[in-house]
Amino acid sequence: MEELIKRHKCLLTPTGENIMALDFELLRRANAGDAESQYLLAEHYYFGFDSGVPNYKKAFKWYKKAAEQGHDLSQAYLGDLYFRGVGTEQSYDEAYKWHRKSALQKCPYGCSRLAFYYRTGTIVERDYGIMFKLDMYAAEHGEAESMHEVADCYYFGFREQEKNMELAFKWYKNAVENGDESALCGLGCCYDDSSVTEHNPAEAYNCFLRGARQGNPVCATNLGNHYYFGNGTRENRSRALKCYRYGAENHVVHAQYMLGQMYESGIAVTQDYDMAMKLYKQAARQGESYAMYQIAWMYYYGCGVEPSRANARRWLNKARDYGCDIVQYLYDIMDKDKQA
């Protein structure tokens, strides 16, 4: 019930009586064709208030009846059921149709859902301009998921929006405050950015800690950075190791690279060149140029492998091609050794 009240914010009669308890009266009004009652009855079945077990087929039936009468939220939720294939056969075409109908009525949730199609190119041609307008409207009207999407656009400076860290911070913060915990990572990164007015490493640490406790591997990796460098908290390399290990196990490229660094140098763990090389190669396969540089270094100096100038130069060239900005240092060493 709390989730339902949070979702719709208004489920009480004028006298304060909970409308979901009025089973027979609600059913009577729904059968009489009242769209709002049909919608609430659909919610009743969707959340399983009658038996404790959701009945998605009945929820679909009543959402559809309300949606066909133009009830905007019912149209959006009906689209969700079609999209997921819950209570009915999956149909992206039907999902798009009902999400679009809802959005055309300026339903914030419907706009948020319709933005997905333009963001991913599902059913329609990808169009970031339309996507951003839909997400911005939904965000301004309280949709946390769209707040997150708008923040991403400003943070990364793509999807036809210029990078703007202040606006990214604003929308990540709004998203978190409106219940989207997945925005904690972006909010933490904004707090970490010295260009943001609200720059605060301690707050960044708190955001990453909250996200990591929820199992977010990117938050765990960023938390590892804070422990490793003592940024916003006390330096703790053992905790950093734990965080990086979790991130690496979940294929976060920076975690693979940093964990490789710790194994190569024997920081908070027994030095293990084989493990370091394995981790660097995992990161390199995902395009991490600094991991490529470290592989070149290990081949050149024979760290756990047979020294090989050919392999070192091959990996160094790859690192350069992928944008590593420190390759010249090793190139100079190799050139000097060659002349000696």
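Arg237 puts its charged end over the ring of Tyr228, 3.9 Å from the ring's centre. Keep in mind that this is a predicted model. Rings turn up in pairs here too: the count comes to 26 aromatic pairs. One of them joins Trp297 and Tyr301, with 4.8 Å from centre to centre and 45 degrees between the planes, which makes the pair tilted.

**Charges over rings**
- Besides Arg237 over Tyr228, there's Lys163, which lies over the face of Tyr155.
- For Lys163, the distance to the centre of the Tyr155 ring is 4.9 Å.

- Trp297 is partly exposed, at a relative accessible area of 24%.
- Tyr301 is partly exposed as well, with a relative accessible area of 39%.
- Trp297 also pairs with Tyr329: the planes sit at 10 degrees with the ring centres 6.3 Å apart, so this pair is stacked.
- Since Trp297 is in helix 17 and Tyr329 is in helix 19 (residues 327-339), their pair ties together parts that lie 32 residues apart in sequence.

**A cluster of rings**
- Ring pairs also link up into a cluster, and its members are Tyr39, Tyr46, Phe47, Phe49, Tyr56, Tyr63, Tyr77 and Tyr109.

Conventions. Residues are numbered from 1 along each chain as its sequence is written. This is a predicted model: local features need pLDDT of at least 70, side-chain atom pairs count only at pLDDT 80 or more; totals for chains, interfaces and linings use all residues. Side-chain values use heavy atoms; hydrogens and water are left out. Rings of Phe, Tyr and Trp (its six-membered ring) pair if their centres lie within 6.5 Å; planes under 30 degrees apart count as stacked, over 60 as edge-to-face and the rest as tilted. Buried means under 20% relative accessible area, exposed over 50%, partly exposed in between (1.4 Å probe, protein chains only). Helices (H or I, at least four residues) and strands (E, at least two) are DSSP runs, numbered from the N terminus. A charge sits over a ring if NZ of Lys or CZ of Arg is within 6 Å of the ring centre and within 35 degrees of the ring normal.
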